[in-house]
Amino acid sequence: MKPLAARIAPLLVAVLVLSGWELLVRVNDLPPYILPAPSAIGASLWHDRAILALSLYVTLKITFAALLTSAIAGLGLAVLFRQSRWIERSLYPYAVILQVTPIVAIAPLILIYVEDPFMVMLVCATIVAFFPVLSNAMLGLRSVDRGLEDLFRLQGASRWQVLWLLQLPSALPYYLGGLRIAGGLALIGAVVAEFVSSTTAGGATGLAWRIIEAGQRLNVPRMFAALALIAVAGIAIFGLLSLASRLILRRWHDSARNEEQGES
């Protein structure tokens, strides 16, 4: 368990920042369309909870769909690359190209060929989240102890047995680390895709669209409320993936056991 001070410190920082923000707005009598006070943002979260909750659901649906797609495709492609160096040399450069190309430059092209707005956003978010899973899974598969691989082959293990019993378990900590990174990137990709598709494809109701809509109406407190929900969703996704990683690795991997011992 973490010490009490380590648990309270982030909350104290948040309280101090929000209190200073509230004081700044009230002392300077700033109007809400310039800088809304935290109390005004909280009021917007409560009064607009119905539409914001629906928009949050849409954004999270895209995020988790993209994360699942990235998790499956990234691991599958990493395994394929591990089995054939020629396939890796042929395809890996294109994965790098997708990673380094800004998604805002790719999204208009996707909009030309994909008619369904949800699929457009899913493809965009998957492209953003895919590479960390692939690269971390490849790193894990390459980090297998050569001595253990030789031992498996001396015992007559097939390529499938080596993959299933040695390579995949050894790559699991790296793979889970890639998923923690991909979770936040999937959310970013979903929000960016919503910004792009909402102005061209129509029908978008995610949090990014709520920000655009609120900006057009000068409803700045609702803009901040939607932004706060995006931030909280990102923290929650990272926390859930970190918890899942710890639960999976706690009984056998040193990284999870050392972390637990450091918190105790």
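In the predicted model, the charged end of Arg49 sits over the ring of Trp46, 3.9 Å from the ring centre; a charge counts as over a ring if NZ of Lys or CZ of Arg is within 6 Å of the ring centre and within 35 degrees of the ring normal. Arg89 lies over the face of Trp86, at 5.6 Å from the ring centre. Residues are numbered from 1 along each chain as its sequence is written, and side-chain values use heavy atoms, without hydrogens or water. As the model is predicted, local features need pLDDT of at least 70 and side-chain atom pairs pLDDT 80 or more, whereas totals for chains, interfaces and linings use all residues.

Four aromatic pairs were found, with rings of Phe, Tyr and Trp (its six-membered ring) paired if their centres lie within 6.5 Å (planes under 30 degrees apart, stacked; over 60, edge-to-face; the rest, tilted). The rings of Phe81 and Tyr92 have centres 6.3 Å apart and planes at 80°, so this pair is edge-to-face. Phe81 belongs to helix 3 (residues 49-83) and Tyr92 to helix 4 (residues 85-100), so the pair ties together parts 11 residues apart in sequence; helices are DSSP runs (H or I, at least four residues), numbered from the N terminus. Phe81 is buried, at 2% relative accessible area, and Tyr92 is partly exposed, at 24% (buried, under 20%; exposed, over 50%; partly exposed, in between; 1.4 Å probe, protein chains only). Ring pairs link Phe81, Tyr92 and Phe131 into a cluster.

Trp160 and Trp164 form a stacked pair, 5.9 Å centre to centre with 10° between the planes. Both Trp160 and Trp164 are exposed.

Key
Helix = DSSP H or I, 4+ residues; strand = E, 2+ residues; numbered from the N terminus.
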